[in-house]
Every structure is written in C-alpha cells, then in structure tokens.
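Here's a quick walk through the model on your screen. Have the sequence and the 3D view open side by side.

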Amino acid sequence: MSISLTTPAAPAAAARRTPVVARPVGVLADIGNVLVRELQPVLRQPASVLFAMVQPLVFLGLFAPLLPDTGDGSALQWFVPGIVAMTALMSASFTGANLSEEIVSGSFERLLVSPVRRSSLMIGKALREMVPLVLQTIIIVAVATPFGFDLHVGGILVGMALLVPFSVGLGALSLALAVAAKEQAWVFWTVQQTVIFPLLLLAGVLLPLDGAPGWLRTASDVNPLTHIVEAERALFAGSFPGETVLYGAIASLVVGVLGLWVGVRRMNRAS
Amino acid sequence: MENNTTHGPVIRTVGLTRHFTRGKQTIEAVRGLDLEVAAGELVAFLGPNGAGKSTTLRMLTTLIAPTSGSATVAGHDVVRERAAVRRSIGYVGQGNAAGHQFRGRDEIMCQARAHGLSRSDARRRTDELLEAFDLAEHADRPVAQLSGGQRRRLDVAIGLVQEPPILFLDEPSTGLDPQNRVNLQEQVRRLNADLGTTIVLTTHYLEEADALAGRVIVIDHGEVIADDSAAALKSALGDLVALSFASPDAAVAAAARADRVPGAQVVVDGARVELRAAHGRDTAPGLVTDLAAAGTPVTRIEVVGPTLDDVFLNLTGRSLRENQSTTTEGAAA
C-alpha cells in the first residue's frame, strides 16, 4: 500500500511553464528515439547483455573443435561467420519476446497511440538487438583470431552492415508474432523455435551441405539465410566476390522489406 | 502547434459500431453510437464492466478500427487520419504507460521526443511533470519498483507531456487507494479548468462520475442510455422524502394530502409514507407544516437525494453497485 500521499502541486499550473512546441518528427529521429529508449535498460544493466555473450562462445568452444582441420585455420574461417549469422538469427527472432511484457503492462499501447510511426517502432526495437550482436561479434573474433582465424576488419564491417536489413525484417516478424500471440505466450515460443531451427540447419551454419541430397539442397537454396551466410563467409575471409555478396544483400533486403511490411500491417490491426 | 479553432465538436461519432468475433459468437460491444463532445468539456462514460466504454475509447484513440460508422477527433478521421489524431490527443490507458524495466524520467523524455519536442524542451518539460506529480525522487528508479499510486501518476504525466488539447483516460482510478483517487480527480479537474483541456474518461465508480464530470454519458450494452449533467440526471429522478406518523391511519390521511404535490409518487407502508418528487427537498418543509395543520403531524422525516446508481437502476433495472466488486484498493500495493 502506498503511503506517499502528499497532495501533488498543481500540475496544470506547472504545465504552463514550458511552452510546448511540437515539431514534426523525421523518420530517422523517430527511429533514434525508439532505439535510445530500448537501449536504456541495457546501458543501465550491462550485465544482462554480458550473459548473452556466452552462447556463441559455447558454440565456438564446443563445436569448432569437431570440424575437420585442414591445417591452416580454415575450419574457424568457415565456422565464425556462420556463428555470427546464427547469433543475428537468434537475437532478431527474440525481439518480440520483450514485447509480450510491454503488451501486458500497457506501455506498448501507449506507444501505439503516440505519434511514433509503426515502422520506426519496429526498426528501433530490432536495431536494439543489433547492439549485443556487434559486441558478440567482437568477442567471437577476438577469441578466434589467436587460434588461426584470419582477421579482415573491412570485410567484417561490410558483413555486419549486410546483416542489418535481415535483422530488422526478422525482428519485425518476431514483433508481429508477439502481437498475434499476445494471449498465449507459448504460441510465440513454439512458432519461433519451429521456424528458427530449419532456417539454421538449412543454411549450412553448423554443417556444410555439400553432400546433401537434392531436395535438401533445393530447400537450402530458397532459404535467404543460406545466401547471407555465404556472403558473410566470403567477406570475413577478406574477399569480395560480387555475385555472392549481391545475392546475400538481396536475400537480406527481401527479408527486411517483407518483414517490415507484414509487421506494419499486423500492428495496424493490433487491438 | 496546431490550433484547433474549428467551431463545433472536437469529438464526433456517427453510428460508431464495433463487433468482436470470439469463435462463432459475435459480440456487439458498441452499437451505433452518436455522440458530440464540445471543446473544454469534461465527460465521463459511466457503465458496468463490458458496457462498451473502453471499446469506444479505443476506437477514438485509433487503437482499434470501427466495424462501421465513423468518428472524428480534433477534426481528424480516426481511420483515415490516424497520425493526425495521435498528435492531437493524450491517452492514459488501463495499463501502465511506462514500461516496467524502464525509468520514469526516460519514459517521459521518450514520449516528449515522440511528440517532437526539442531535446532541451523535452528535458525541461520532464522535470516539470516529475515535480508536478510528486515523482522527482522516484524518477530514476525502474518503474517496476514504484507503488501503484506512483505508477498511475507517471501514466498521467506521460499522457500530458505535449499538453494535449484532448485527453482520454480509461478507468484512471482503478486500483488506486481512496486518497490517491481523490488526488487524481483533483488533477483532472484542474487540467480541465485551468488549461481548458477537453477530457473524456471512463469509469465504473459512481462517485467519480458524480464528483468530477460536467457531463455523464451512461452506457449499457454498447448503447447510450442517458446523457446529461449528473445533477440533471438525478433531479429528473427526484428526491425520496420518507415521513413517519403516529399511526397507520394518520399515514393514510397524510398520503392523501401528500398526493397533491405535483408529480409525486406516493407509497404508504404502515405508519410510513414515502414520496418521490422532482424537488422533494424543497417541498418537504411546506408539506410538514401543512400536515401538522391538517392534524396529522410528522414524527420523523428523512430526505434522500438520488444517486447516479438510482439513475442507472431506474434506466436498466439493475444496480451498478452489484458490479463494483473491485472498490477496494487491493491492486494498488
């Protein structure tokens, strides 16, 4: 029971002091505002992100030694970009998980009634998931480099940029899923898990698909993540094969545009 | 800032209707609402849970689209001009406006920036609101750690950040303890009186609608069943004057005289006469003198003014109080 019952000073009178000048908000400022909001809890509790750093390191430490070693560190060279793409897939698909709490508590509703654009809301929330991804990538690369990973900073930077549209699109889909499943939290997790693992396995992140049967290869070819992972592998190795990178970028953009389109439509129907 | 000098209503609904489909069942939550609210009004939607109050508010604030009919808020259509509606209104929903893992100060800032305030204006405005709502010392704690009353004040602060010309409050005092409820009502009243803010709130607290709103719109089963000031709604029903006499015979004789009061409904019950009349409290003294002169002196008199519950009971045959199982402050702590 709250005891702080001092009568507040006249709010209406106080409301007069600052003349409220509302200007139109540009798209970038709109996204920036959402991103800043989403980052505040992270900045105030960095430990929450540090914990998430462990997962890719577990994969790196427990899985990479199983890969056939060709003697020149190429197993790591092959595996690290895949782990980065996997981390992007995981964190982007979790974007909606935090939304469930905001839907229940009411803060999501307040944002929906505010002038913030639906698309800005989703892009801002999805970009927030990119921040731990960047930190995770730095850690993974820092850990892998002494073990024979060939470091190409320029390629890694382009590779990270290539992941942005993919993460935003998948994040928007995850948010749309959270809105659609707001009355049953288990629906969100069931769908998320059902979608994530086939995408991951079919993209050849953990095992190469070279010897796979035809149907598996076809399924892999229509998986956008396959093309993104291939582009990441080339870029992380310091090469820039135009066609591979272009296919990766197209796959990433398709996910981005499609995800945002579905997400905005779903949120406009949000009730 | 936009200057809504358009004459006429700031809120207008025409045949506003919303159905929900649950399985094979269609629920008609709001049925053909025709409503006008003028600038500067303080309006309460009163009705039991499930009457359609919140659904109406959610349509007016662009959260859900009407099934049919239309509505304009601040001159903008709630379906076609959602962005313009959102810029013109403040909204305090049933839940908490501030995310629980965020901090109050950050959330007010975010809302101010969303409405296009410059960074320095937003900071100043945030400080003002924190001070005005007595939240300054709690501003840098996670919202999850605040009490129910503190969170509710934060909700209202966030709703007021851009000094909206129109403010919607959905069940603002649910879950508040009585004193916080009175404080909130005082703030709402001042906002309306000092800044001329048009305020629409929903409530199922009779006392709240009665004490606060200049205009009470009683809603039941998705339809408006009464729309007037609380005083007018009650006076239409009339006061109850209960008179006691020395004997049942005296009561019968007195009832015959009392029946001459214009518009009075008279019931005799043993040695008691109950009389309901539009201005019962004004006619009662004269009646008592008259009855004494006629040889049937009144031994005891009680005058009870009607409540909004009597109004609701008279309109629907049901009492609103039966629905008020949550009058305690349980949810606040």
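## A strand pair in chain B

Let's start with strand β11 (residues 239-244) of chain B, which pairs with β14(B) in the antiparallel sense over five bridges. Strands here are DSSP runs of E with at least two residues, helices are runs of H or I with at least four, and both are numbered from the N terminus. Two strands count as paired if DSSP finds at least two bridges between them. For one bridge to look up, take B:Ala242, whose partner in β14(B) is B:Glu302.

Before going on, some ground rules. This is a predicted model, where local features need pLDDT of at least 70, side-chain atom pairs count only at pLDDT 80 or more, and totals for chains, interfaces and linings use all residues. Residues are numbered from 1 along each chain as its sequence is written, while chains are lettered from A and ligands numbered from 1 in the order in which they are written.

## The whole sheet and its helix

That pair belongs to an open, antiparallel sheet of four strands in chain B, in the order β12-β13-β11-β14. At the edges sit β12 (265-269) and β14 (300-304) of chain B, each pairing on one side only. From one strand to the next, the twist averages 15°.

Helix α9 (residues 248-258) of chain B packs on this sheet and touches β11, β12 and β13 (272-277) of chain B. Contact means that the C-beta atoms of two residues, placed from the backbone, lie within 7 Å. The direction of α9 makes about 15° with that of β13(B). Axes are lines fitted to C-alpha atoms, for helices over the stretch in contact, and angles run from 0 to 180 degrees between N-to-C directions.

## Domains of chain B

Chain B splits into domain 1 (11-234) and domain 2 (239-305), with bounds from an automatic or database domain assignment. Taken over C-alpha atoms, the domain centres are 45 Å apart.

## Chain A

Chain A has 12 helices and zero strands. Its C-alpha trace spans about 75 × 40 × 40 Å along its principal axes.

How do α4 (residues 74-93) and α7 (residues 118-144) of chain A meet? Their axes come within 9 Å and cross at roughly 160°, so α4(A) and α7(A) are roughly antiparallel (angles over 145 degrees count as such; under 35 is roughly parallel, 65 to 115 roughly perpendicular, the rest oblique). Residues making the contact include A:Val80 and A:Ile83 of α4(A) and A:Leu133 and A:Ile140 of α7(A).
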